[in-house]
Amino acid sequence: MARLEHCNIRSFDLAATIRFYEEVIGLRAGPVPGMNRGAWLYDDSDVAVVHVIDLDTDNRDASLGEIRHRLGELAGPLDPDAMRGGGAVDHIAFHCDDYDAMVARLEAHGAPYRTFDLPAYQLRQILVNDPSDVTLELNFRG
């Protein structure tokens, strides 16, 4: 485990979320590489530390379906009315090294996980839930 990479928040009000993180917290909205939705919020070092997923208030089922497609059974029950507080945290991401060793470690502990590869970014991901069902996104680059 190299470092915390970012946290991801689900939001039914993207504009208000961006405004809060910019005006109150002091982050800056910036480019969202490869995506046409959501927002990345950057710190003073130009590091993207908060990723916001914008959920469609007019089509909640489709938004939840996108989460279910990516996380599968790790998503657990998705109740749009409960997506506030801790229920709005989609995942916490860590920058990691040694993909194969992490897979072996998860399997040795019997931890259910999913993999998700993004070749355009030279990125391999392992998604796993902690004991409180918070999803961790383990990112392996290159």
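## Reading a helix and its neighbours

Q: Which strands do the buried residues of H2 pack against?

A: They pack against E1 (3-11), E4 (48-54), E5 (89-95), E6 (113-118), E7 (123-129) and E8 (135-141). Keep in mind as we go that this is a predicted model.

Q: Which residues of H2 are buried?

A: Start with the cut-off: a residue is called buried when its relative accessible area is under 20%. In H2, that label goes to Ser 63, Leu 64, Ile 67, Arg 70 and Leu 71.

Q: Why do the buried residues of H2 line one face of the helix?

A: Look down the axis of H2: its buried residues fall within an arc of 120°, so they sit along one face. Here's the general idea: an α-helix has 3.6 residues a turn, so residues three or four places apart point the same way.

Q: What exposed residues are on the face of H2 turned away from its buried side?

A: That face carries Asp 61 and His 69, and both are exposed.

Q: Which residue follows H2?

A: Gly 72 does, and its phi is positive, near 60°.

Q: How do I read a strand pair, say E6 and E7?

A: Look at the direction of the two strands and count the bridges. E6 and E7 pair in the antiparallel sense over six bridges. Tyr 113, for one, stands opposite Val 128 in E7. In general, the side chains of a regular strand alternate between the two faces of the sheet.

Q: How many residues lie between E6 and E7 in the hairpin?

A: Four, and Gln 122 in that turn has a positive phi of about 50°.

Q: Now zoom out: how many helices and strands does the protein have?

A: Three helices and eight strands. From the N terminus, they come in the order β-α-β-β-β-α-β-α-β-β-β. The radius of gyration is 15 Å, close to the 14 Å from the globule rule for 142 residues, so the protein is as compact as a globular protein of that length.

Note on methods: Residues numbered from 1 in each chain as written. Predicted model: local features only at pLDDT ≥ 70, side-chain atom pairs only at ≥ 80, totals over all residues. Heavy atoms only, no water. Buried < 20%, exposed > 50% of the residue type's maximum accessible area, 1.4 Å probe, protein only. Arc of directions from axis to C-beta. Contact = heavy atoms within 4.5 Å. Rg over C-alpha atoms; globule rule 2.2 N^0.38 Å. Pairing = 2+ DSSP bridges.
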